[in-house]
Amino acid sequence: MIKITDSEEYLLNHYASSELAGGLILGRRARVEEDINLVKNLLRHSKEEIDHSYRWYKLIKTLNARVILQKDVRGDHFFRYVRVLDFLIVFFCAVLIFEHRVAFHFNCHREWTKITEIQDLLEELIEEEEKHLGWIEEYLKNLIKISDKTILPKIIKAENAEKENYLKELSIIEKNEELRGLYKVIKDKLIGFEKEYRWWKKI
């Protein structure tokens with residue numbers, strides 16, 4: 001088994017922490033909604049995100065790596081932004097945009113890492129993240145049909161907040177010698193990702 005570097009170890013812990021935070025936010029949202037179908041979807045999504053967190057921590061132990069507990073303490077963290085979104089449609093746009101980014105980043109990490117166990121888990125999670133995108137997109141499209149066009153600037157604001165947060169995290173990766181290869185993979189694919197079709201921009 002290839003020994004994991006300290007930097008990739010940190011990344012795996014970051015993924016585990018982020019999945020847990022996302023799951024808890026979705027669970028909290030389920031507690032305040034009244035549409036039973038929406039509540040079911042939120043609870044299922046929440047459960048899957050928390051399960052992803054568990055699987056990351058399980059892999060960390062399998063790799064004989066350290067568990068590094070991380071907390072959301074940065075005021076500019078995207079989760080803090082999502083947590084205060086009361087307007088349902090903007091909340092879902094923020095979640096959708098984040099899920100798009102997660103799938104993109106996981107694909108880049110899978111291409112870069114040399115550790116088979118990490119590649120295998122990333123492949124599993126990418127497929128599951130894409131399922132998350134499906135139900136959120138369908139729900140959002142139905143909401144937008146009955147919403148005012150003034151919602152679109154709020155969607156773009158959520159997109160810009162997520163992008164700003166990701167670019168800050170990417171600058172940290174760039175400065176890390178052990179993660180320089182991952183940074184190159186991300187940079188090579190980033191422009192294409194940013195140009196991908198976003199159906200909310202076509203409304």
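Buried means under 20% relative accessible area, exposed means over 50%, and partly exposed lies in between (1.4 Å probe, protein chains only). This is a predicted model, in which local features need pLDDT of at least 70, side-chain atom pairs count only at pLDDT 80 or more, and totals for chains, interfaces and linings use all residues. Residues are numbered from 1 along each chain as its sequence is written, and side-chain values use heavy atoms, with hydrogens and water left out.

Q: What percentage of the residues in the protein is buried?
A: The protein has 203 residues. A residue is placed in the buried class when its relative accessible area is under 20%. The buried share of the protein is 51%.

Q: How many helices are there in the protein?
A: Helices (H or I, at least four residues) and strands (E, at least two) are DSSP runs, numbered from the N terminus. Along the sequence the pattern is α-α-α-α-α-α-α. The protein has zero strands, and its helices number seven.

Q: Are α4 and α7 parallel, antiparallel, perpendicular or oblique to each other?
A: Axes are lines fitted to C-alpha atoms, for helices over the stretch in contact, and angles run from 0 to 180 degrees between N-to-C directions. The axes of α4 (residues 88–112) and α7 (residues 180–194) come within 9 Å and cross at roughly 140°. Angles under 35 degrees count as roughly parallel, over 145 as roughly antiparallel, 65 to 115 as roughly perpendicular, and the rest as oblique. The relation of α4 to α7 is therefore oblique.

Q: Is the crossing of α1 and α4 left-handed or right-handed?
A: The axes of α1 and α4 come within 13 Å and cross at roughly 160°, so the two helices are roughly antiparallel. A crossing is left-handed if the near helix is turned anticlockwise from the far one by less than a right angle, and right-handed if clockwise. The crossing of α1 and α4 is left-handed.

Q: With which residue does glutamate 128 form a salt bridge?
A: Side chains of opposite charge can pair when their charged atoms come close. A salt bridge is a side-chain nitrogen of Lys or Arg within 4 Å of a carboxyl oxygen of Asp or Glu. For glutamate 128, the closest N and O atoms are 3.2 Å apart, and the partner is arginine 55.

Q: Which helices hold glutamate 128 and arginine 55?
A: Glutamate 128 is partly exposed at 23% relative accessibility, whereas arginine 55 is buried at 17%. The pair ties together parts that are 73 residues apart in sequence, because glutamate 128 lies in helix α5 (residues 116–145) and arginine 55 in helix α2.

Q: Which helix holds both aspartate 188 and lysine 184?
A: These two residues form a salt bridge, with the closest N and O atoms of aspartate 188 and lysine 184 being 3.0 Å apart. Aspartate 188 is exposed at 56%, and lysine 184 is exposed at 52%. Aspartate 188 and lysine 184 are four residues apart, about one turn of the helix, and both lie in α7.

Q: What is the phi of asparagine 64?
A: Asparagine 64 is placed in the loop between α2 (36–62) and α3 (78–83). With 70% relative accessibility, asparagine 64 counts as exposed. Most residues other than glycine have a negative phi. Asparagine 64 has a positive phi, near 60°.
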